[in-house]
Amino acid sequence: MPDIWLYIAVMSAVTLAIRLTPALLLRREIKNVFVRSFLFYVPYVTLAVMTFPAIVEATRTPVAGAAAFVFALYLAWNGASLFRCAAGASVMVLIVEGIVFSL
């Protein structure tokens, strides 16, 4: 049980170090185009990395989740709204799971 406090202390120190280091070291505007573009895409990549496994594992079969993801990407690429992408992905899951589980 005493180890839990050590784990919490280390976790807190690492979290603070990650959050405070850029604020303390970078006092002026970042002018490097590569670094600025990299930092611009970090939130989107983080969201994708957290969302994709949930998409695949939320269904009864990973194939249905992957098919829904691909179909939603297709719809989004062709200009569909967020609602239409979500509805299309949901319908795709129903279709694929209906085919897989009817066999």
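Start by selecting helix 3 (62–77), which is part of what covers the buried residues of helix 4; contact here means heavy atoms within 4.5 Å. Helices are DSSP runs of H or I with at least four residues, numbered from the N terminus. The model is predicted: local features need pLDDT of at least 70, side-chain atom pairs count only at pLDDT 80 or more, and totals for chains, interfaces and linings use all residues. Residues are numbered from 1 along each chain as its sequence is written, and side-chain values use heavy atoms, leaving out hydrogens and water.

Next, show Cys85, Gly88, Ala89, Met92, Val93, Val96 and Glu97, the buried residues of helix 4. Buried means under 20% relative accessible area, exposed over 50%, and partly exposed in between (1.4 Å probe, protein chains only). Look down the axis of helix 4: these buried residues fall within an arc of 160°, so they line one face. The arc is taken from the directions from the helix axis to the C-beta atoms. On the face turned away from that side, find the exposed Phe83, Arg84, Leu94 and Ser102.

Now move to helix 2 (residues 33–57), where phenylalanine 40 and tyrosine 44 lie four residues apart, about one turn. Ring pairs link Phe40, Tyr41 and Tyr44 into a cluster; rings of Phe, Tyr and Trp (its six-membered ring) pair if their centres lie within 6.5 Å, with planes under 30 degrees apart counted as stacked, over 60 as edge-to-face and the rest as tilted. Tyrosine 44 is exposed, at 53% relative accessible area.

Note on methods: Helix = DSSP H or I, 4+ residues; strand = E, 2+ residues; numbered from the N terminus.
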